[in-house]
Amino acid sequence: MSGKHLIESPTKADGAALWRIARDSQKLDLNSPYAYLLWCRDFAETSVVARVDGEPVGFVIAYRRPSAPDVALVWQVAVDASQRGKGLAGQLLDGLYTRLVGEGVRYLETTITPDNAASIRLFESFAKRWNADLEHRRLFEVADFPQGEAHEPEDLYRIGPLRR
């Protein structure tokens, strides 16, 4: 795969590839393959996929809460190992933002575990690139997760207000 990145909305047909990219990252909470199919179908307008030579090589899945339509919550960002180190995750976030800002989104949110330095840098860089404030606070404690399911705490990162 050597072509240029094409960033566009995912389709239902991308679900299996997105699941594979997430699985192979060995860092993300892996959801069921069924969930990725649904996200590609139901959240295509608030998500993006990067393709090289027609094949998915990265994605951002996001959604808007009905109670906060000016906020897009970024659920997952993943890049295939063959494309890492090329700035693709930042390009995906930029592509998502440029689409959603025209639809009234003024804030991006995401949750990140405190030890995930790469994701923290990604969102700090995004905020800096778009000259937006970045706030973060603890959202979920270890005790909030089901007993017996090992999970680190999750911090909420909020970027904005975003402008065109």
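Over residues 5-163 the chain is 30% helix and 31% strand, and the end C-alpha atoms lie 25 Å apart. Helices (H or I, at least four residues) and strands (E, at least two) are DSSP runs, numbered from the N terminus. An unreviewed UniProt entry places the feature "domain: N-acetyltransferase" at residues 5-163; UniProt positions follow the numbering used here, feature names are shortened, and annotations may be inferred rather than shown by experiment. The model is predicted: local features need pLDDT of at least 70, side-chain atom pairs count only at pLDDT 80 or more, and totals for chains, interfaces and linings use all residues. Residues are numbered from 1 along each chain as its sequence is written, and side-chain values use heavy atoms, with hydrogens and water left out.

Seven strands form an open sheet in the order 1-2-3-4-5-7-6, with mixed pairing; two strands pair if DSSP finds at least two bridges between them. Strand 1 (6-8) and strand 6 (134-140) stand at the edges with a single partner strand each, so one side of each is left without a neighbour in the sheet. Neighbouring strands of this sheet are turned by 25 degrees against each other on average, direction ignored. Strand 5 (residues 107-112) and strand 7 (residues 154-159) run antiparallel and are joined by five bridges. Ile112 has Asp155 of strand 7 as its bridge partner.

Helix 3 (residues 88-101) packs on this sheet, touching strand 1, strand 2 (48-52), strand 3 (55-65) and strand 4 (68-79); contact means heavy atoms within 4.5 Å. The direction of helix 3 makes about 160 degrees with that of strand 4. Axes are lines fitted to C-alpha atoms, for helices over the stretch in contact, and angles run from 0 to 180 degrees between N-to-C directions.

How do the helices pack on one another? Two packed helices are described by the angle between their axes and the distance between the axes. Helix 3 and helix 4 (residues 117-129) pack at about 50 degrees, with their axes 10 Å apart. They are therefore oblique to each other; angles under 35 degrees count as roughly parallel, over 145 as roughly antiparallel, 65 to 115 as roughly perpendicular and the rest as oblique. Ala89, Gly90, Leu93, Asp94 and Tyr97 in helix 3 meet Leu122, Phe123, Phe126 and Arg129 in helix 4. By class, this contact has six nonpolar, one polar and two charged residues. Ala, Val, Leu, Ile, Met, Phe, Trp, Tyr, Cys and Pro count as nonpolar, Asp, Glu, Lys and Arg as charged, and the others, Gly among them, as polar.

Helix 1 (residues 15-25) and helix 2 (residues 33-42) pack at about 125 degrees, their axes 8 Å apart, and are therefore also oblique. Gly15, Ala16, Leu18, Trp19 and Ala22 of helix 1 make the contact with Pro33, Tyr36, Leu37 and Cys40 of helix 2. These residues divide into eight nonpolar, one polar and no charged.

Two backbone details remain. Gln26, in the loop between helix 1 and helix 2, has phi near 55 degrees, a positive value in a residue other than glycine. Gly160 and Pro161 are joined by a cis peptide bond with omega about 5 degrees, and Pro161 lies in the segment after strand 7.
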